Structure formats: structure tokens, C-alpha cells
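Morning, everyone. I have one model to walk through today. Here it is on the screen.

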Amino acid sequence: MVNYDNMKRRADELQLNFAIVSCRIGKSRSWLNTSRANEYDIPSNLLNEIAKILDTKPEFLRGETDNPDAKIIPPSSKDAASVASRRSRRRAWDSNAGCTH
């Protein structure tokens with residue numbers, strides 16, 4: 001079962017909203033909010049995609065751990081710059097791309 005509170009908290013940390021996450025996995029803008037409101041479970045293949053978008057593991061999104069960084073190898077200082085660059089590109093993509101659903 002999905003822990004939507006963990007998902008929402010992680011999305012907020014990354015300055016993403018559920019509409020953007022939904023679009024990135026090919027769903028309508030309201031898909032995640034509807035799923036949350038109706039307490040739907042999310043198939044593991046989609047949960048894995050959402051975990052990648054939120055830079056976390058599916059275990060965190062299922063509530064099996066309280067640590068969003070569980071099992072993620074900490075980046076080196078060189079990798080940290082790469083992560084910051086990816087996040088910057090992600091924000092630019094989010095602001096320029098609309099969901100077509």
C-alpha cells in the first residue's frame with residue numbers, strides 16, 4: 001500500500017507537485033491526487049517510476065522506511081554538483097512543459 005503522506009512530503013522537498021509527477025509518468029495531471037483521495041494502490045511499475053522522479057526508493061513510498069534516502073549511496077562532492085544541475089534542469093522542464101492530459 002502506498003504511503004501518500006511520504007510521497008507528498010518528498011515531492012514538497014523537491015518543489016514538485018503531484019500534477020507534475022503524474023505527467024512525468026504519462027498520467028493525467030489529477031491522477032495522483034485522485035489516487036490519494038480514493039486511497040488507491042499504485043502498481044509497482046508506476047511506483048518505481050515515481051520513486052525515480054522523487055529521488056527516493058519505493059520502500060519509502062510504501063512506508064516501509066521513514067528515510068527517503070534509504071539505500072541510496074551518498075553522492076561525492078563531484079556528484080553533488082551533477083545532482084544540483086539535474087534538479088535545475090528539472091525545474092526548467094517543469095516550468096516550460098505542460099501536461100497534455
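First, a term: helices (H or I, at least four residues) and strands (E, at least two) are DSSP runs, numbered from the N terminus. On that basis the protein has 6 helices and 0 strands. Read from the N terminus, the order is α-α-α-α-α-α.

Some ground rules. This is a predicted model, so local features need pLDDT of at least 70, side-chain atom pairs count only at pLDDT 80 or more, and totals for chains, interfaces and linings use all residues. Residues are numbered from 1 along each chain as its sequence is written, and side-chain values use heavy atoms, with hydrogens and water left out.

Now the overall numbers. Accessible areas come from the Shrake-Rupley method with a 1.4 Å probe; for residues, only the protein chains shown count as cover. The protein exposes about 6,200 Å², and 47% of that comes from carbon and sulfur atoms. Buried means under 20% relative accessible area, exposed over 50%, partly exposed in between. Of the 101 residues, 35% are buried. Contact means heavy atoms within 4.5 Å. Take contacts between residues at least 6 apart in sequence: 58% join residues at least 24 apart.

Next, the core. A nonpolar core is a set of buried Ala, Val, Leu, Ile, Met, Phe, Trp, Tyr and Cys residues joined through side-chain atoms within 4.5 Å. The largest one has 21 residues, and Met7, Leu16, Leu32, Ile42, Ile50, Leu54 and Leu61 touch the most other members. Two or more residues come from each of helix H1 (4–13), helix H2 (18–24), H3, helix H4 (44–53) and helix H5 (58–61). H4 gives the largest share, 5 residues.

So what is buried in H4? Leu46, Leu47, Ile50, Ala51 and Ile53. Down the axis of H4, these buried residues fall within an arc of 160 degrees (taken from the directions from the helix axis to the C-beta atoms), so they line one face of the helix. The face turned away carries the exposed residues Ser44 and Lys52.

Look at Ile50. Beyond its neighbours within four places in sequence, Ile50 contacts Met7, Val21, Ile25, Trp31, Leu32, Ile42 and Leu61. After H4 comes Asp55, with a positive phi, near 50 degrees.

Last stop: Ser35, in helix H3 (residues 31–37). Is Ser35 buried or exposed? Ser35 is buried, because its relative accessible area is 3%. Leaving out residues up to four places away in sequence, Ser35 touches Tyr4 and Tyr40.

Terms used: Buried < 20%, exposed > 50% of the residue type's maximum accessible area, 1.4 Å probe, protein only.
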